[in-house]
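This report describes a central strand and its surroundings. Please keep the sequence and the structure in view while reading.

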Amino acid sequence: MEGSAVRAITVEKILGTRTKVAELLKSDEFKRKMINKLMSVINNNKKVIIAYSGGADSALLLYKLFRELSINKSKTIIVTLDHGFKTERVKENIYNVIEDLGLYENFEHINISDKIMRFIDKESKIKCIYLYMITHKRLPCSLKICGYIYDIIFSELSMKYRTNVIITGSMFPVIKGDTLDIINKRNGLTIVRGMVPFAMPKHMVINELREIGSPWKNPNIGGYDTDCIVPGYLLYMIYRGKRRQNFWNVYVKTPEVIHYVSNYVKFGLLSKEEALKYITNLDLPTSSVFSYMESIVERMRLECEKYE
């Protein structure tokens with residue numbers, strides 16, 4: 001067999017295949033069932049916390065919840081955890097969407113940059129984990145710390161608001177055997193993946209926000225993200241601003257990108273051909289946006305060094 005054919009087969013294997021549950025995810029019956037489950041969680045609790053990063057997924061979730069499903073605002077607390085790595089455009093998106101939906105009375109913007117800087121990884125003894133990532137060019141997903149830190153903070157908020165229910169903008173379902181669910185329980189929290197019934201690729205989320213007349217604007221920060229600059233900043237550094245890349249180069253240098261995109265394939269949200277385009281034409285910020293990012297990172301670096 002030709003070397004290129006072997007390599008093609010390997011790429012196919014790495015990207016994975018559409019799972020059996022992918023068809024279930026797309027079915028109208030499943031979507032109705034998950035929406036009913038989402039509504040049941042909200043209606044059966046006095047309060048629920050909605051995690052709102054200001055990114056496209058969580059912004060669209062707010063429109064789905066408050067405009068399409070008309071949930072009771074008084075039962076919700078919308079929380080933005082601001083780690084400090086957000087551009088002015090992202091911050092504008094946060095407040096513009098909140099204003100558009102009339103949610104100011106239910107909204108809390110919490111600065112967690114101090115907690116991020118003081119975070120110490122018990123195993124590696126690394127202080128200021130974000131400074132470590134930037135210095136060593138490690139993507140956040142590779143260290144799996146974001147979810148860990150957020151769980152700690154949401155646990156504190158759950159006591160403050162007397163609810164353990166956190167609704168997120170995640171659209172990847174919880175797999176339980178051959179079935180899918182939107183609820184994942186961990187560390188005493190009930191995490192509800194709110195965008196599962198409305199799952200779609202990122203570019204379609206952005207298009208829908210535009211079509212419904214939302215004031216949300218694409219911040220173009222790269223890194224397959226729309227609220228945190230760290231992934232886009234690091235990808236720009238790692239690949240020196242060059243979007244076009246060989247699949248194997250990305251696979252070796254930043255396997256987190258492969259993992260992220262392959263999830264969309266697994267759940268039928270992208271074809272393998274589309275996924276390959278995402279990987280070989282990297283989502284990087286423009287050089288001007290990257291320069292702006294550098295000023296944010298430098299400020300955060302100086303703050304982080306206080307705790308080193």
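A crossover is called right-handed if, with the strands pointing away from the viewer, the path from the first strand over the helix to the second runs clockwise. In this predicted model, strand E2, helix H5 (residues 88-100) and strand E3 form a right-handed β-α-β unit. A right-handed β-α-β unit is also made by E1, helix H4 (residues 56-68) and E2.

How many residues of E2 (residues 76-82) are buried? Seven of its seven residues are buried. In a regular strand, side chains alternate between the two faces of the sheet. On one side of E2 lie Thr 76, Ile 78, Thr 80 and Asp 82, and on the other Ile 77, Val 79 and Leu 81, with both faces covered.

Nonpolar side chains tend to be buried together in soluble globular proteins. Here the largest nonpolar core contains 82 residues, and Tyr 52, Leu 62, Ile 78 and Ile 167 have the most contacts inside it. Helix H4 supplies the largest share of this core, eight residues. Beyond its neighbours within four places in sequence, Tyr 52 is in contact with several residues, including Leu 62, Ile 78, Val 79, Ile 94 and Phe 107. Another core, of 14 residues, lies apart from the largest one and includes Ile 149, Leu 157, Leu 189 and Ile 191.

Methods:
Residues are numbered from 1 along each chain as its sequence is written. This is a predicted model: local features need pLDDT of at least 70, side-chain atom pairs count only at pLDDT 80 or more; totals for chains, interfaces and linings use all residues. Side-chain values use heavy atoms; hydrogens and water are left out. Buried means under 20% relative accessible area, exposed over 50%, partly exposed in between (1.4 Å probe, protein chains only). Helices (H or I, at least four residues) and strands (E, at least two) are DSSP runs, numbered from the N terminus. A nonpolar core is a set of buried Ala, Val, Leu, Ile, Met, Phe, Trp, Tyr and Cys residues joined through side-chain atoms within 4.5 Å. Contact means heavy atoms within 4.5 Å.
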